[in-house]
Amino acid sequence: VQVINSFVYRLDDILDNSSKRFGIPTAHSVYGIERTISAAQYVSFSALKRISNLQHSEALKVCVDMTLRLVEGQGIEIVWRDNFTCPSEAAYKEMIEKKTAAFYTMCVKLMQLFSTCNKDFSSLIETLGLYLQIRDDYCNLCSSDYTEEKGYCDDLTEGKFSFPIIHALQSKLEDKKIKNILKRILRQRTKDVEVKRYCIKLLKECGSFEYTRKILDELNAKARA
């Protein structure tokens, strides 16, 4: 599972054009895109080989099915970004269920194959997947610790429709000017710190961070119930 996670991170960094991961330069920033993709491919097949060695008929199927689901979710997000199409909140949550929750589903199902536990954890995994991704979106724009790890408001440079951005663009604001400015900033994929700070100011005015915290509190309570 750790090997698959490493493969996903390497490709995710390339697709997002990220410069940092966990506070250090991303692999493709150091070794180049071609070498990183080649290494990621090797790692992915290495993971499949390890899983096939577990000698359980369902293990490989679980791994392949969930990896395909993860890549599908990732692809949907890329289409939104590259076509500059803002999804609804419901569509975004559905994408997260594929992109983020699929990985944790794979982890749990693989463990269950080698245990006597048959409990259905799908609802909990879905809730945790939503929480982790939305929290990641929030921290990317608000957390100083996150800035150290990935850079300041990296999602704006990526042009990503993250949860706070979606809320602002889909909300019923009377002032259409704010929405238009947010769209312009996101479309630019800017690296300008002052422009990013202005975007954060507008998101605060829209109540998008407050709304995101509210959703996170609800998901946290649901996961602990």
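**View 1. Contacts of Asp 154 in the predicted model.** Leaving aside neighbours within four places in sequence, Asp 154 is in contact with Ser 18 and Asn 140. Asp 154 belongs to helix α9, which covers residues 154–158. Its relative accessible area is 8%, and because buried means under 20%, Asp 154 counts as buried.

**View 2. Helix α4, residues 59–82.** This helix has 24 residues. From the first C-alpha to the last it reaches 35 Å, close to the 34 Å expected at 1.5 Å a residue. The buried residues of α4 include Ala 59, Val 62, Cys 63, Met 66, Thr 67 and Leu 70. An α-helix has 3.6 residues a turn, so residues three or four places apart point the same way. Among the elements that cover the buried residues of α4 are α1, α3, α5, α6 and α9. Just after α4, Phe 84 takes a positive phi of about 50°.

**View 3. Phe 161 and the largest nonpolar core.** The core has 34 residues, and Phe 161, Ile 165, Leu 182 and Leu 203 touch the most other members. Helices α5, α7, α10, α11, α12 and α13 each supply at least two residues of this core.

**View 4. A second, separate core.** This core has 17 residues, including Val 3, Val 8, Ala 59 and Cys 63.

Notes:
Residues are numbered from 1 along each chain as its sequence is written. This is a predicted model: local features need pLDDT of at least 70, side-chain atom pairs count only at pLDDT 80 or more; totals for chains, interfaces and linings use all residues. Side-chain values use heavy atoms; hydrogens and water are left out. Helices (H or I, at least four residues) and strands (E, at least two) are DSSP runs, numbered from the N terminus. Buried means under 20% relative accessible area, exposed over 50%, partly exposed in between (1.4 Å probe, protein chains only). Contact means heavy atoms within 4.5 Å. The expected span of a helix is 1.5 Å times one less than its number of residues. A nonpolar core is a set of buried Ala, Val, Leu, Ile, Met, Phe, Trp, Tyr and Cys residues joined through side-chain atoms within 4.5 Å.
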